[in-house]
Amino acid sequence: MTSAVERRRVTVRGVVQGVGFRPFVAGLAAELRLAGHCGNDDTGVFVEIEGTTSTLDEFERRLRADAPPLADVLDLTSVPRMPRGDRDFRIVDSRRIPGLRTLIPPDVATCEDCLRELNDPADRRYRHPFVNCTHCGPRYTVITDLPYDRPATTMAAFPMCPRCAREYADPADRRYHAQPICCPDCGPRIHTERGGDRIDGDDAVLAAVQRALAAGQIVAVKGLGGYHLMCDATDPDAVRRLRERKRRPDKPFAVMAPDVATVASQCVLFRQEIEALTRPARPIVLLEKRADTAVADEVAPGLGELGVMLAYTPLHHLLFMPVPGHPNPVPRLLVMTSGNVSGEPLCTDDDDARTRLGGIADLFLVHNRPIALPCEDSVVAVVHGDRESPIRRSRGYAPMPVLLDRPSPPVLAVGAELKNTFCLTRQEYAFCSAHLGDMGSLESRRAFETSVDQLTALHRVTPELVVADAHPGYATRQWAERYAEEHDIALHIVQHHHAHVASLLTEHGRIGSPALGIAFDGTGYGCDRTVWGGELLLVGPDLLDMRRAGHLRSFLLPGGDVAVRTPARVALVLLRDAGLGDPTSPHLNDLPCAGALTDAERDLVASQLTSGIGCVCTTSVGRLFDGVASLLGVRHRITYEGQAAVELEALARTAAEPAPVRMTVHGTELDWTGTLRCLVGGLRLGVPAADLALGFHQGLATASARLAARIATDAGITTIGLTGGVFQNRLLTEGVRTILQDSGFDVLTHSRVPSNDGGLSLGQAAIGATLARRLATTSERREAVSGQWAADPVQTGRGR
């Protein structure tokens, strides 16, 4: 007796396009001898399948369990259908469903199979700079529309040759329905440009680039999501020239290596770091450098770490390989930094790159595949021994969504001013953009607006609410106000640190759960119109409900942004407030921070503190780090955001043992005045600055955990989250986390989005989604307060 045949319609949602899911389905159906068809639509992958009940059950189980490595199945539904008597299984054309969209897959590194072909003289894709297959290659940066099919990518300009077309249509081939498929006969081409001179031909091009690098020259190379600037990382003169031309005097550069063995020869590597380096995303990973590293000191001055990534495109791999017939020196390690002048957006367009990078690069390495969407390299650090913490979330991760607690009307959250990303919600998904950078230049703001237009068009979403930071001077806030006005939609203002805490809760799926957030960063506009940055915030079951429960003791910033760029000014203020002497006092002359400023500067600081003119009040832990860094002689003036704090942590990691440096808790305040007295006393007794730096980290961690534990216990809360840019400091994060966990608290830290302002837009979007659902249930738009923020928290474009 044969089992009855039934038919099912299976819908699979998640990252299931561009990752070989349809070929996987076809192969699984063939293995189980099932009939039907599958295809892409605007929600994901649809499957019509016929067979016996037990076999269909097995098919559905394995759709999740055996999915391709790059797939991410978020949801699978199955409904019965009438059997049709199909005799085979096939992949059918994509279908459009109005109003629905699927997920966009991220770019992934070249797989081992493609690398073997790249290195095999007998293979027709030998040394092809664009070799890829279903399991690797460009995705996000070539997509122009959804669903993900070749006509909706920038590869549409490259018709497949007959052999590629056969591979694309063969279910048994690794390139079955691989949208970026190409070969030397039909794929993109590379060439070099130097002034009016041009070189074509893959080997001649690569040989010219290797000669330029060996000669200490700077090369602009077009990558997946934009241009890079590269030079020999072992050549100090080349690195110095790159710094001068790029106008980036100190901020560390990333280094690219061909393989793990090369990285291991330069950096201390553990299993967790190797896993991070070799993930399909191929992020930049922060690694402790070896004392005998060949990497020039100029690559990461003043730091004990290097940001290292592995080659992730075929073109990168070819740069590290000998060119047949061209006996050039082969680079071992390359500086690979964003193709821009500091403060400007990444170059993606060829003409724009020629204009903006022409004064930096000696040679251009160009290809003719357009870049649809810009995407910087991602940066991660391995913390707590085994967990990755994102510093910059971009290539390989963006635009993978974070799940919200429930569907909401579409919301656009525009992020902050530095390390900017924006976030777009659709249904229950929150899509954080790739890293966009700082919004200080007109070019950056234009790039931001272009990216918003691209992503909203790609998702076919029209926002019904726009969310911005409370800081009235942020370019993103001003843009959001104009956007709300032009589109006649509501504008919601969210306090900076409230958004940080909401971001952390959202990525952990804790929306609706009361929590205490410790939000430590550099600058955030506070509910009392001062500059916050050392906050302990209680968030209730309603994400809109936020209350400030504690903070760092406040102090003045003389000169505002000038003080941010001059940590020595901050140090003098802290010393005065700690009762150790006024800024002009000779009693301070033995301290490094005093000697770093001219007499005129010290007089100006004293005058500003006396009059209050040009001063802003702050509770910023980031500025406290700056002041301590200058006090200990680490950094008195900075050239990039967070430099003093980063170098202070680097110094602390070299300590022999921590000096006893205490911070006290007075009521709901973290009082650093005694900390300053400990540090000055230690300096005058000859205690090594490194030991004092480590003692400062431990003292701050202990006091912060102590205050947080007391506030949480009093509020009946067991969950405490650590967020804000200061918690990129792994010494501090681990210190606070360990103490709180040992006290029985559930401690949340970031693992999906950065703790810095790069993750802020997710929190804004989650708060906005909560508000949008509330507004959607009312007949008119009503005022709703974001925590204690009460200045026009919800505004409409109409009538403003």
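Analyst: By class, the lining of the second largest pocket has 19 nonpolar, 6 polar and 8 charged residues; here Ala, Val, Leu, Ile, Met, Phe, Trp, Tyr, Cys and Pro count as nonpolar, Asp, Glu, Lys and Arg as charged, and the others, Gly among them, as polar. This is a predicted model, in which local features need pLDDT of at least 70 and side-chain atom pairs count only at pLDDT 80 or more, while totals for chains, interfaces and linings use all residues. Residues are numbered from 1 along each chain as its sequence is written, and side-chain values use heavy atoms, with hydrogens and water left out.

A pocket is an open set of points on a 1 Å grid over the protein atoms alone, where a 1.4 Å probe fits, with protein on both sides within 12 Å along at least five of seven lines; lining residues have an atom within 4 Å of a point. The second largest pocket has 33 lining residues, and D72, G396, Y397, M400 and R752 are the ones nearest its centre. Its volume is about 750 Å³, taken as the space filled by probe spheres set on the points, which are joined across faces, edges and corners.

The largest share, 4 residues, belongs to β16. Helices (H or I, at least four residues) and strands (E, at least two) are DSSP runs, numbered from the N terminus.

Helix α13 is mostly covered, with 12 of its 12 residues buried, and among them are H496, H500, L504 and E507. Buried means under 20% relative accessible area, exposed over 50%, and partly exposed in between (1.4 Å probe, protein chains only).

Both ends of the helix have a detail to look for. At the start of α13, a side-chain oxygen of Q495 comes within 2.8 Å of the backbone nitrogen of H497, a polar contact, that is, a pair of N or O atoms within 3.5 Å; within protein, one must be able to donate a hydrogen and the other to accept it, and residues adjacent in sequence count only if both atoms are side-chain atoms. Just after α13, G509 has a positive phi of about 65°.
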